[in-house]
Amino acid sequence: MTDEKVTISKGLEGIFIADTTLCKIDGTNGKLWYRGYPIEVLADKSNYEEVAFLLLYGHLPNRHEMDVFDARLKDEREVSSEIKEIIKMYSGKAHPNDVLRTCVSALSTYDDDMSDRSKEANLERAVKLIAKLPTIIAMIGRTMRGKGFVEPDRSLSHSSNFLYMLTGKRPDKESAKLIDLMFILHAEHGSNASTFSTLVTGSTLADTYSAVVAGIATLRGPLHGGADEAALNMMKAIGEPDNTEKYIEDALAGKQRIMGFGHRVYKAYDPRAKVVYKYLQSFMKTTTDPQIEKLLEIAIRAEKLMEEKLSKTKGIWPNIDFFSGPLYTAMDIPSDLFTPIFAASRMAGWTAHLFEYWENNRLFRPLDNYVGKLDVEYVPIDKRQ
Ligand SMILES: CC(=O)SCCNC(=O)CCNC(=O)[C@H](O)C(C)(C)COP(=O)(O)OP(=O)(O)OC[C@H]1O[C@@H](n2cnc3c(N)ncnc32)[C@H](O)[C@@H]1OP(=O)(O)O
Ligand SMILES: O=C([O-])CC(=O)C(=O)O
């Protein structure tokens, strides 16, 4: 062993991995921009198709560009009979995010020329992936609930069509806005864990599909994209609003993490959580569903308590995943689809980052500090204890 002193950055905290023009996060002040546009403005004024174009092409589309991009997305919504078979075979046997990961892996088999690594070919792949994920997820969701597939409807926008394929009903104006909002807010977020693993895989010059499959896999965990499902499960476990304070106090005393709170970069309120909360509050004025009212009351009481306990002292504020659960529940979306929906939205960010990184690619290969023994004697198997 050497005596060399090394500095370890656990979880790569504080390490910059690349220059980017995609997204700026101001973690101290709780601000977020996609290609310079404040998230609040995009949330109120834009739509997912436009945001995906912005991320992939670097500018907001003009009318013609939008029409062409939108038509391409609509052309690519259908999935093959083989993908439908995979969905039927695995849905219900594994978490929907795992089934989605398997389907996306299988999509690579339809690529006519994987050796074409041109920007144009990769942008086409991104369009196909962005277009097909909502279809796959809706089909997984329906199969798990014993319902037949609903084929895509070209007359509907990207996110409305997703809700339609999932529920079988064309969404009203309010639900259409809410689901689109969630797609926009989840579209991009710098070098988060799933984008980073997409880049790590891509940095070996693996193909687009391999790279985004790594992203989907990484999103799954409760410390990242799985937190929205976990946060809703916590709210359901709390059950009654009056149980909230005791539940949270006990969890904190037992050193448990409260899902949907805290962030590696934000030490302030996640601006996306603020947007979700704003829309959720206005939605609440129109709903009389007691289940949603209860969930929201639990969420608000949990947030208030966490603010007293942790926000001001440790910078642990709600993140995007905290209020997502009540909002998705209000749209009748089952909790096991939250993470796959995150993946469908983030596909724009993953692919945009990947293509940007490839313009100046360098293999990711960090170091680890060996602290074990060296030159250990090899003992034949029959002589070992
Ligand atoms: C879309 C997204 O991916 S957003 C993030 C989604 N994930 C979650 O909501 C899961 C819950 N949150 C967490 O586990 C964390 O906040 C993370 C993983 C997101 C970020 O954590 P890190 O940057 O690694 O923070 P770290 O683990 O160093 O925590 C700092 C301190 O805050 C505490 N803390 C962090 N998050 C939480 C939480 N959610 N609940 C309670 N305490 C927390 C830690 O216990 C630690 O306390 P200590 O200093 O007394 O040991
Ligand atoms: O940035 C992160 O670490 C996690 C996150 O909020 C996201 O991916 O949206």
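Guide: Start with the residues around ligand 2: H189, G190, N192, H263, R264, V265, N319 and I320. Here, near means that a residue's C-beta atom, placed from the backbone, lies within 6 Å of the molecule. This is a predicted model, in which local features need pLDDT of at least 70, side-chain atom pairs count only at pLDDT 80 or more, and totals for chains, interfaces and linings use all residues. Residues are numbered from 1 along each chain as its sequence is written, while chains are lettered from A and ligands numbered from 1 in the order in which they are written.

By class, the shell around ligand 2 holds 2 nonpolar, 5 polar and 1 charged residues. Ala, Val, Leu, Ile, Met, Phe, Trp, Tyr, Cys and Pro count as nonpolar; Asp, Glu, Lys and Arg count as charged; the others, Gly among them, count as polar.

Now step back to the domains. The protein chain is divided into domain 1 (17-221 + 345-358) and domain 2 (227-330). These bounds come from an automatic or database domain assignment. Each domain gives at least three residues to the shell around ligand 2.

The C-alpha centres of domain 1 and domain 2 are 26 Å apart. Their contact takes 15 residues from domain 1 and 16 residues from domain 2. Two residues are in contact if their C-beta atoms, placed from the backbone, lie within 7 Å. On the domain 1 side, β2 (31-34), α1 (39-45) and α8 (173-185) each give two or more residues. Helices (H or I, at least four residues) and strands (E, at least two) are DSSP runs, numbered from the N terminus. The most comes from α8, with 5 residues. By class, this side of domain 1 has 8 nonpolar, 4 polar and 3 charged residues.

Ligand 1 has its own shell. There, 19 residues surround the ligand, and the closest are A227, R257, F261, G262 and R264. They divide into 8 nonpolar, 7 polar and 4 charged.

Last, look at helix α16 (residues 338-358). Of its 21 residues, 18 are buried, so α16 is largely enclosed by the rest of the structure. Buried means that 20 or more other C-beta atoms lie within 10 Å of the residue's own, with C-beta atoms placed from the backbone. At R346, α16 bends by about 45°. That bend is the angle between axes fitted to the seven residues ending there and the seven starting there.

Key: Expected span 1.5 Å × (residues − 1). Buried ≥ 20, exposed ≤ 12 C-beta atoms within 10 Å, placed from the backbone.
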